[in-house]
Amino acid sequence: MAHIEESGKGGRAKNIELNLVPVIDLMSVLITFLLISAVWTQISMIQIGSSLYGKKSDTQPSPTPPPNADVVLKVDVKPVGYVLTVGKQVISLPMQGGQFDDAGLIAQLQRVKQIYPEKVDAILTMADELPYDQLIKAMDNCLISGFSAISVATGAPQ
């Protein structure tokens with residue numbers, strides 16, 4: 001802190017000391033804020049990069065829809081079991097003994113694959129109250145059945 005000392009020679013000597021404690025406190029807060037905001041920036045970059053509705057450039061070719069995209073294949077993961085929608089047909093696969101009927105879902109998906117052998121896309125929806133592992137199991141069942149272009153719809157199943 002700056003202050004003026006009186007000396008015995010008649011003049012005043014200046015003693016200037018800078019108090020750097022507030023500056024150091026401010027810098028430590030800024031560094032912490034920058035570290036925290038850097039992590040959030042990385043997460044938001046992942047969300048923007050995976051968006052299908054991102055900005056399209058003129059040189060980018062338009063994406064081609066997968067074969068048989070007009071036939072909707074949707075798997076709803078509900079607390080009561082799976083609900084498979086193929087076009088207008090709805091197939092319900094209730095839980096058996098407290099477990100999801102994964103074998104039944106695979107059998108139904110393979111039946112759909114036999115009817116539409118070129119179809120590779122499927123849509124998954126899941127109820128919010130179910131664990132994330134169940135979504136992974138449903139995705140694995142789709143992959144086992146030959147549906148590799150899986151998309152997850154936001155919002156709970158209807």
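Guide: Lys 74 is partly exposed, with a relative accessible area of 23%; partly exposed lies between buried, under 20% relative accessible area, and exposed, over 50% (1.4 Å probe, protein chains only). The model is a predicted one, in which local features need pLDDT of at least 70 and side-chain atom pairs count only at pLDDT 80 or more, while totals for chains, interfaces and linings use all residues. Residues are numbered from 1 along each chain as its sequence is written, and side-chain values use heavy atoms, with hydrogens and water left out.

The partner of Lys 74 in a salt bridge is Asp 76, with 3.8 Å between the closest N and O atoms. A salt bridge here is a side-chain nitrogen of Lys or Arg within 4 Å of a carboxyl oxygen of Asp or Glu. Asp 76 counts as buried, at 4% relative accessibility.

A search of the whole structure finds two such salt bridges. The other joins Lys 119 to Asp 121, and its closest N and O atoms are 2.8 Å apart. Lys 119 is buried at 1% relative accessibility, and Asp 121 is also buried, with a relative accessible area of 17%.

Strand 3 (73-78) is among the elements against which the buried residues of helix 2 pack, contact meaning heavy atoms within 4.5 Å. Helices (H or I, at least four residues) and strands (E, at least two) are DSSP runs, numbered from the N terminus. The buried residues of helix 2 include Leu 105, Ile 106 and Lys 113.
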